[in-house]
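User: Could you take a close look at one part of this model for me? I would like to follow the charged pairs and what surrounds them.

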Amino acid sequence: MTAVTRFGYFLSAEERNPREIVRQARLAEEAGFDGLWISDHFHPWLDEQGNSGFVWSMIGAISQACSLPVTTAVTCPLSRVHPAIVAQAAATSALLTGGQFTLGVGTGEALNEHILGAPWPSAEDRLEMLEEAVHVIRELLSGRLITHEGEHYTVQTARLYSVPDVPPPVYVSGFGEKAVKLAARIGDGFMSVQPDADLVKLYRESGGGDRPVQGGLKVCWGPDEADARKTMHRLWPNDEIPGEAAQLLPMPRHFAQLSELVTEEMISAPCGPDPDVHAAGVLAYAQAGFDEVYVSQVGPDVDGFFDFYASTVLPRLREETA
């Protein structure tokens, strides 16, 4: 088992309104979590989740409400937001957080990226676009005047004036072999929501070396396991949809239609009040070789979750991974 260096909290912008996101960031710090993930969506996965605040505004507010490091999990810098604008947002976020910002990027989902009317590229094209986008972002984060004429992006005599002394790291997410190898080649770290030791091994052997690997999962703490499982099934059945649907479906209603095939018995996330169940869900990532694990509470009992993790789960996790 790896010695996990950080246990963080995953802020779900699809399920929480922006003010609640900021409140939970404060609660996470008070509970003893070490960092924050925050999702970047235009749409929620399901209408039932009900939210999709603008991530960069929320990061600005979080930076003034708590002192935890923040990572986007993840931003897609391909079409909905041009990589030059992502670079500016990342630079500002790094300044506001005092250098404690990490730009997590990935190839995104049609759910969010189709909204401006451009065709949804193939997986191979999206990886190619991501590589060029990361190059543009890094160039701009240098603070130099740049012009870029690439296959997918054009930047004309652009310069970021508000940049941190040290550019924020760029972590790359992936779950397929090509994406993992790209992350190893261009990323300062790797991100995944699957506790898959083979992916971590591939990343490290493909050039990732000892760079950080972050993972994330959802849980539903509650005093009754059956009720917690019902809550998870109501709000996040889409997490159990296999394959490429998450990248290809364009509307929340499509995910709702496919989620009708997901039964309560198929829910694999830790649910209920048993600390052993929650610890096992998080430790699966440690056992797979992840350095950092971010946990998101699903459902309304957020305050109870933070009390439970602060008093019971986090101490156990740190003891198990010391």
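Analyst: Happy to. A salt bridge here is a side-chain nitrogen of Lys or Arg within 4 Å of a carboxyl oxygen of Asp or Glu. Please keep in mind that this is a predicted model.

With that cut-off, D239 and K218 qualify: their side chains meet in a salt bridge at 3.4 Å, N to O. The two partners come from distant parts of the chain, 21 residues apart, with D239 in the loop between α8 (225-235) and α9 (245-248) and K218 in strand β9 (residues 213-219). Their surroundings can be described by relative accessible area. D239 is partly exposed at 40%, whereas K218 is buried at 15%.

S296 sits in strand β10 (residues 292-297) and is buried, with a relative accessible area of 2%. What lies 3.1 Å from a polar atom of the S296 side chain? The backbone oxygen of F10 does.

R204 pairs with D291, and their closest N and O atoms are 2.9 Å apart. R204 belongs to helix α7 and D291 to the loop between α11 (275-287) and β10, so this pair ties together parts that are 87 residues apart in sequence. R204 is partly exposed, with 24% relative accessible area, while D291 is buried at 15%.

Helix α7 (197-208) also brings in helix α6, as α7 is one of the elements that the buried residues of α6 pack against, along with α5 (123-141), β7 (170-173) and β8 (189-192). Within α6 (residues 177-186), the buried positions are A179, V180, L182, A183, A184 and I186.

How many salt bridges does a search of the whole structure find? It finds 18. Among them is the one where the side chains of D34 and R318 meet at 3.0 Å, N to O. This pair spans 284 residues: D34 is in the loop between α1 (18-31) and β2 (36-38), and R318 is in helix α12 (residues 302-321). D34 is partly exposed at 26% relative accessibility, and R318 is partly exposed too, at 32%.

Conventions
Residues numbered from 1 in each chain as written. Predicted model: local features only at pLDDT ≥ 70, side-chain atom pairs only at ≥ 80, totals over all residues. Heavy atoms only, no water. Helix = DSSP H or I, 4+ residues; strand = E, 2+ residues; numbered from the N terminus. Buried < 20%, exposed > 50% of the residue type's maximum accessible area, 1.4 Å probe, protein only. Polar contact = N/O pair within 3.5 Å; in protein donor to acceptor, adjacent residues only side chain to side chain. Contact = heavy atoms within 4.5 Å.
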